[in-house]
Amino acid sequence: MRSSGSWDQPEHLLLWVRTGAVCVRIEDDPEVRLTAGEGVWIPAAPGNHWTVVTEPGTVAFPLLTHPSIAAESSSRPRRFVVPHGWQDWLIQHFNLMVTPLTGHGYSQDALVGLLHGSGRRPPARSGDVQPYAVDPPVRPKASGAREVADELLRNPALDRTVAEWAAQVLSSPRTLLRDFRADTGLTFEQWRLRCRLHAALELLAAGCGVDQMAARVGFATHNGFTRAFKQQFGLTPHEFGRNLSARPVACEPTQRAAARQADDLLRMMHAQNTPAMPGLLAAARTPLHTNNVHVLIWTYRGSGYLEIGDHRYEQERGVATWIPAGSEHTTGVRENSISLPLGDASAGDLQLTEPLQAEFSPAWDDYLMFCSISARTPLRPDDYDPGHILDLFADQVAAQRALSVPMPTDSRARGVAMDYLRRIGTSGGSGLDVPADIHRAFRDETGMTFARWCYAARMRIARDLLTGGAKPSAVARRVGYAHLPTFSAAFTRFHGLSPRDYRERESG
């Protein structure tokens, strides 16, 4: 897809590539080609135009930088390399640039060090490892195992059993273990240990104290952490930390060259003019405010929250939430967390009075980042459709709701069912004009008429919302009832308990 835009503002542009490849064309300057992990700083100039062409699957973040950066940087475009530990920090900088979020600890002064880093990757020598990134263990290809791996890379301290992980990704323990071994060459336990040690190196590089590190990366005891670290790298964490420059390092996965490896890493790192990695991401929060459109936000890393009145909606990793237009609210992210806006919708496109949530797996990360960039910057496809995010969210909601009700197998009837599930809570769940053969398919395959199936769908979704702690008045609106008494009567007929009694029973 091709993306383009123009820049003639006082700010300078910093463009970096997370995945894929980019060609940047700037007036009066040579063409710049970038691949994953590389970036370019483009100084502001009156009438300065740039054009970006991306390869399919590319995620590239444009950030505006303060004019004071120019005093420390060249007046010409400058290439640079983005070390692995900087990437999430830059993503959060993008978020702070395009949303009302404010947080301490995100000074743009740190960008000067990044821009003064090496503008190209050093040539690899036989036996060398790259000093630019901490290479995490290879992720498995199978979808369930890959989802587990992604979660552990985000939070290596998670201490779930194999059976618990398998249940989360709808797999069996035997299949999960087999997929890890087949795709990575490691057992699950070996892979998780490698993941935790990789995280420990990043924390060491960020200047974190060793004494608190063991628990943060998932070790039950300090001695166990020290023993595993030394067995892997040939040095204790204290020894490694004393000698290590404050940046992440790449590591050979075998023990046989661990001692030589540590010396080589230190020598290579000191030979490069690379910046210190920023520390952990600070918490951030918006002031109390309202939007004149519905806004969709998504938690990419960690967790956050949305507060409307006296109700708090939690935003766990992967959760996307529509914030209704006109609602006075506050959003925030906790320490080491990142959220991104995915798009907007007008009241004409989306009828919404209460927040509506859906969860996306880590497999969606790159695409949702692409959606965020397209929604908030000039870097977007030529055929960009801002309404696409509505359909994407509705499809995800429908897929999750389909787990609560029996679904017809007939393709046309299933399409009607999914369409109805998309509508609930966003357009009043209005009735559909369904032909007679679809009605027959619903009766034959679900045991219910279409009208009864729609009623059951709304009541089971209402049940799930009440179980999650939502108030009956909010649930009524979410499933398309204008009046609470009407909803309460319908819910009581279906479940045998009033919404209030059901909620109290589940919370007790």
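Residues are classed by relative accessible area as buried (under 20%), exposed (over 50%) or partly exposed (in between), with a 1.4 Å probe and protein chains only. The structure is a predicted model, in which local features need pLDDT of at least 70 and side-chain atom pairs count only at pLDDT 80 or more, while totals for chains, interfaces and linings use all residues. Residues are numbered from 1 along each chain as its sequence is written, and side-chain values use heavy atoms, with hydrogens and water left out.

The model contains 14 salt bridges, a salt bridge being a side-chain nitrogen of Lys or Arg within 4 Å of a carboxyl oxygen of Asp or Glu. Helices (H or I, at least four residues) and strands (E, at least two) are DSSP runs, numbered from the N terminus.

One of the salt bridges joins Asp366 and Arg18, with an N to O distance of 2.1 Å. This pair links distant parts of the chain, 348 residues apart: Asp366 belongs to helix 11 (residues 365-376) and Arg18 to strand 2 (residues 12-19). Asp366 is partly exposed at 30% relative accessibility, whereas Arg18 is buried at 17%.

A salt bridge is also formed by Asp365 and Arg317, whose closest N and O atoms are 2.7 Å apart. Asp365 lies in helix 11 and Arg317 in the loop between strand 12 (311-315) and strand 13 (319-323), so the pair ties together parts 48 residues apart in sequence. Both Asp365 and Arg317 are buried.

Arg376 and Asp344 meet at 3.2 Å, N to O. Here helix 11, which holds Arg376, is linked to strand 15 (residues 338-345), which holds Asp344. Arg376 is partly exposed at 25%, and Asp344 is partly exposed at 34%.
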